[in-house]
Amino acid sequence: MGRRKKLINNTYIPQHQIEAIARCIMPDILAFYESEEGQRKFAEWKKQREGSRQEAKTE
């Protein structure tokens, strides 16, 4: 088995509460990114990010 990454929690929120929230919202996040709208928005974000990287390289 692979090692688990050490979690960085610089908040006052206990780690177990963060993980509980993540377990609750993860199915909704996955459903969104599997939908057509989610895939389109992700493609737009990647295109915008790539454009930002290109601008940073030319400066």
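A residue is called buried when its relative accessible area is under 20%, exposed when that area is over 50%, and partly exposed in between. Keep these words in mind for the views below, which all come from a predicted model.

Figure 1. Let us start with the overall picture. The C-alpha atoms of the protein chain fill a box of roughly 40 × 30 × 30 Å along the principal axes. The radius of gyration is 17 Å, whereas a compact globule of 59 residues would have one near 10 Å. How many of the 59 residues, as a percentage, count as buried? The share is 2%. The accessible surface of the protein chain comes to about 6,200 Å², and 56% of it belongs to carbon and sulfur atoms.

**Figure 2. A nonpolar patch on the surface.** Here you can find Ile 21, Ile 25, Met 26, Ile 29, Leu 30, Tyr 33, Phe 42 and Trp 45, which together have about 770 Å² of accessible area. Two elements each give two or more residues to the patch: helix 1 (15-34) and helix 2 (36-58). Which helix gives the largest share? Helix 1 does, with 6 residues.

**Figure 3. An aromatic cluster made of Phe 32, Tyr 33, Phe 42 and Trp 45.** The count of aromatic pairs in the model comes to 3. One of them joins Tyr 33 and Phe 42 in an edge-to-face arrangement, with 6.1 Å centre to centre and 85° between the planes. Phe 42 also forms a pair with Trp 45, and this one is stacked, at 5.6 Å centre to centre and 20° between the planes. What makes the Phe 42 and Trp 45 pair stacked? The planes are 20° apart, and planes under 30 degrees apart count as stacked. Tyr 33 lies in helix 1, while Phe 42 and Trp 45 both lie in helix 2, 3 residues apart, or about one turn of the helix. Is Tyr 33 buried, exposed or partly exposed? Tyr 33 has 45% relative accessibility, so this residue counts as partly exposed. Phe 42, at 37%, is partly exposed too, and Trp 45 also counts as partly exposed because its relative accessibility is 42%.

**Figure 4. A salt bridge between Lys 41 and Glu 37.** Side chains of opposite charge can pair when their charged atoms come close. In this view the side chains of Lys 41 and Glu 37 meet at 3.8 Å, N to O. Lys 41 has a relative accessible area of 40%, so Lys 41 is partly exposed. Glu 37 counts as partly exposed as well, because its relative accessibility is 39%.

**Figure 5. A salt bridge between Arg 40 and Glu 44.** How many salt bridges does the count come to? There are 2, and the one shown here brings the side chains of Arg 40 and Glu 44 to 3.4 Å, N to O. Arg 40 and Glu 44 both belong to helix 2, and they are 4 residues apart, about one turn of the helix. Arg 40 counts as partly exposed at 43% relative accessibility. Glu 44 counts as partly exposed at 46%.

Conventions:
Residues numbered from 1 in each chain as written. Predicted model: local features only at pLDDT ≥ 70, side-chain atom pairs only at ≥ 80, totals over all residues. Heavy atoms only, no water. Patch = residues over 30% accessible without salt bridge, like charges linked within 9 Å, V, L, I, M, F, W, Y side chains within 5 Å. Areas by Shrake-Rupley, 256 points an atom, 1.4 Å probe, with all protein chains shown as cover. Salt bridge = Lys/Arg side-chain N within 4 Å of Asp/Glu carboxyl O. Buried < 20%, exposed > 50% of the residue type's maximum accessible area, 1.4 Å probe, protein only. Phe/Tyr/Trp six-rings, centres within 6.5 Å; stacked < 30°, edge-to-face > 60°. Rg over C-alpha atoms; globule rule 2.2 N^0.38 Å.
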